[in-house]
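Colleague: Can you walk me through this one? I'd like to start with the strands and then move to the helices.

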Amino acid sequence: MDKISLNQVAVALNLRNLTPNIDIEGVMISHPDINRPALQLAGFFEHFDNKRIQIIGNVEMAYLKSLSRERKIEVFRMLFSKQIPCLVYCRDHMPDEDVRALAEEYQTPLLASHCFTSDVYAKVLRYLQEKLGPSLTIHGVLVDVFGEGVLIIGESGIGKSETALELIKRGHRLVADDAVELHRVNDARIVGRAPEVTRHFIELRGIGIIDVKALFGAESIKNEQDVDMVIRLEDWNKDKTYDRLGSQEDYIKYLGNKIVCYNIPIRPGRNLAVIVESAAVNFRQKKMGYDAMEELYKRIQNNMAKGIEN
């Protein structure tokens with residue numbers, strides 16, 4: 001998504017519109033970053049990015065109170081003349097009549113929030129990065145398994161949706177089936193969600209479309225989830241050597257971010273849902289500092305040491 005309206009931001013983050021005469025639906029936000037205009041209120045506008053949402057907090061308000069009325073009008077006139085998308089007041093601070101009049105003159109929306117400045121900053125930044133950051137749509141299934149976002153990929157018809165359905169029956173949550181929209185939030189996070197049209201639906205060959213929310217309840221679905229790991233399903237190849245110890249991890253890249261990827265061979269009798277659950281739990285253990293491979297190696301070393309002593 002290249003742009004979103006300011007009204008979408010205001011509704012999503014519960015920001016009050018202090019300038020109802022200005023159509024915030026028509027104000028488009030295209031920059032996924034924000035700014036606290038402390039330097040600009042002091043009159044310094046070099047390297048100023050006027051496409052960013054501007055946020056006013058305690059520090060800025062304290063500085064503005066130290067200015068004369070003439071100087072304050074001058075700095076706000078300079079700020080609004082840069083055609084910024086909006087100015088957000090935090091911690092229940094409010095603009096005075098001079099600022100409101102200038103905002104109307106330059107058609108600059110003024111918004112307000114009762115939250116702390118740091119909270120507003122973090123929420124607006126996260127929302128804009130998710131909505132305006134790089135995105136990609138891939139063929140796969142995204143499921144929340146024990147809190148880990150598991151993206152299941154593989155050739156068409158290999159059993160991705162069937163695996164997801166079994167995971168849902170076992171108490172896990174569906175995020176997206178068939179088409180998964182990936183959004184890069186930062187260097188460490190990619191968020192996945194379903195297109196609005198196919199949200200909460202699964203397609204099963206031979207049966208058709210299944211409404212997961214209607215069949216299994218609201219607790220069986222989730223609108224979005226961080227992608228923590230990828231499982232690639234592939235047909236069993238007897239001539240291929242598969243990793244049996246987990247001594248090395250493979251990675252796959254999406255939108256410039258590396259995500260750990262496990263290749264799972266498919267053959268009759270393998271319970272894929274249990275394998276995916278085990279992979280998710282094992283991945284979580286590694287994040288918490290426990291590695292089963294390292295533990296096995298320690299036990300072998302200890303047994304060898306005991307054998308030598310004897």
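**Strands and helices**

Modeller: Valine 141 has isoleucine 152, in β9, as its bridge partner. Keep in mind that this is a predicted model.

Colleague: Which strands pair there, and in what sense?

Modeller: Strand β8, residues 135-145, pairs with strand β9, residues 148-154. The pairing is antiparallel, over five bridges.

Colleague: What is the strand order in the sheet of eight strands?

Modeller: The order is β14-β11-β10-β8-β9-β15-β17-β16. The sheet is open and its pairing is mixed.

Colleague: Which strands stand at the edges?

Modeller: β14 (224-226) and β16 (250-254). Each has a single partner strand, so one side of each has no neighbour in the sheet.

Colleague: And how much twist from one strand to the next?

Modeller: It averages 40°.

Colleague: Helices now. How do the axes of α1 and α6 cross?

Modeller: Helix α1 covers residues 6-13 and helix α6 covers residues 117-132. Their axes come within 11 Å and cross at roughly 125°.

Colleague: Why call α1 oblique to α6?

Modeller: Because the crossing angle is roughly 125°, and the perpendicular class runs from 65 to 115 degrees while the antiparallel class needs over 145. That leaves α1 oblique to α6.

Colleague: Left-handed or right-handed crossing?

Modeller: α1 passes α6 in a right-handed crossing.

Colleague: Which residues make the contact?

Modeller: From α1, Gln8, Val9, Ala12 and Leu13. From α6, Lys123, Val124, Tyr127 and Leu128.

Colleague: How do they divide by type?

Modeller: Six of the residues in the contact of α1 with α6 are nonpolar, one is polar and one is charged.

Terms used:
Residues numbered from 1 in each chain as written. Predicted model: local features only at pLDDT ≥ 70, side-chain atom pairs only at ≥ 80, totals over all residues. Heavy atoms only, no water. Pairing = 2+ DSSP bridges. Helix = DSSP H or I, 4+ residues; strand = E, 2+ residues; numbered from the N terminus. Axes fitted to C-alpha atoms, helices over the stretch in contact; angles between N-to-C directions. Parallel < 35°, antiparallel > 145°, perpendicular 65-115°, else oblique. Left-handed = near helix turned anticlockwise from the far one by under 90°. Contact = heavy atoms within 4.5 Å. Nonpolar A, V, L, I, M, F, W, Y, C, P; charged D, E, K, R; others polar.
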